[in-house]
Amino acid sequence: MPGHERGATGEASGGPGASGTGEQPDGLSRGRRETPDERADRRWGELVQEIRVAQTGVQILFGFLLTVVFAPRFGDLSDLDRGIYIITVVLGAAATGALIGPVSFHRIVAGRRIKPQTVVWASRLTFVGLVLLLATMVSALFLVLRVATHDGFVPWLVSGVALWYLVCWFVLPLWARHRYTTRD
């Protein structure tokens, strides 16, 4: 749940039942002993590292997409392929905006003592950016494969790659989250 941090064992940090020592009655250590500000600082640092990876990918892809329109063969594309291209560029622009948004958000609210809220909103923007990046990559792959080959297997191949992205980016993390965290 956004804004509710879980430690390595899945136990909510400082949540109900957590003692001041970080030890549970059974002697097991649960969660981290950190203040809300320390937690926000840690989560912000982790988020920035994640954003760096995603931003690099989306910026390279978006930069490439922007040059395609200047290629000599662009004029030979069908109206459908041009439409797919336009949709892909718009998705790439939206993904870029969402993934750079946390930086701007942080800069504008820095020093206002709202870092926990900033982390929550930046995390949401990053998630939206990842979904838009997924759509951009699928759309770009669809366009490239349509131009490279007009075979009927292209939608099936792109669907398989999209499914792979979904498994890697969302299904496995959600499975691990469900499997390895405990209920409060």
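In this predicted model, the charged end of Arg 124 sits over the ring of Trp 121, at 4.7 Å from the centre of that ring. Aromatic side chains also meet one another, with a count of five aromatic pairs, and helices H2 and H3 pack with their axes 8 Å apart.

**Aromatic pairs**

- Phe 74 and Tyr 85 form an edge-to-face pair, in which the ring centres are 5.1 Å apart and the planes stand at 70° to each other.
- Because Phe 74 belongs to the loop between helix H1 (36–68) and H2, while Tyr 85 belongs to helix H2, this pair ties together parts that are eleven residues apart in sequence.
- Both members of this pair, Phe 74 and Tyr 85, are buried.
- Trp 175 and Tyr 180 also make an edge-to-face pair, with 5.8 Å from centre to centre and 85° between the planes.
- Phe 127, Tyr 165, Trp 169 and Phe 170 are linked into a cluster by ring pairs.

**Packing of H2 and H3**

- Helix H2, which covers residues 79–109, packs against helix H3, residues 115–148, at an angle of about 160°.
- Because angles over 145 degrees count as roughly antiparallel, H2 is roughly antiparallel to H3.
- The crossing in which H2 passes H3 is left-handed.
- The residues in the contact of H2 with H3 comprise 24 nonpolar, nine polar and three charged ones.

Methods. Residues are numbered from 1 along each chain as its sequence is written. This is a predicted model: local features need pLDDT of at least 70, side-chain atom pairs count only at pLDDT 80 or more; totals for chains, interfaces and linings use all residues. Side-chain values use heavy atoms; hydrogens and water are left out. Axes are lines fitted to C-alpha atoms, for helices over the stretch in contact, and angles run from 0 to 180 degrees between N-to-C directions. Helices (H or I, at least four residues) and strands (E, at least two) are DSSP runs, numbered from the N terminus. Angles under 35 degrees count as roughly parallel, over 145 as roughly antiparallel, 65 to 115 as roughly perpendicular and the rest as oblique. A crossing is left-handed if the near helix is turned anticlockwise from the far one by less than a right angle, and right-handed if clockwise. Ala, Val, Leu, Ile, Met, Phe, Trp, Tyr, Cys and Pro count as nonpolar, Asp, Glu, Lys and Arg as charged, and the others, Gly among them, as polar. Rings of Phe, Tyr and Trp (its six-membered ring) pair if their centres lie within 6.5 Å; planes under 30 degrees apart count as stacked, over 60 as edge-to-face and the rest as tilted. Buried means under 20% relative accessible area, exposed over 50%, partly exposed in between (1.4 Å probe, protein chains only). A charge sits over a ring if NZ of Lys or CZ of Arg is within 6 Å of the ring centre and within 35 degrees of the ring normal.
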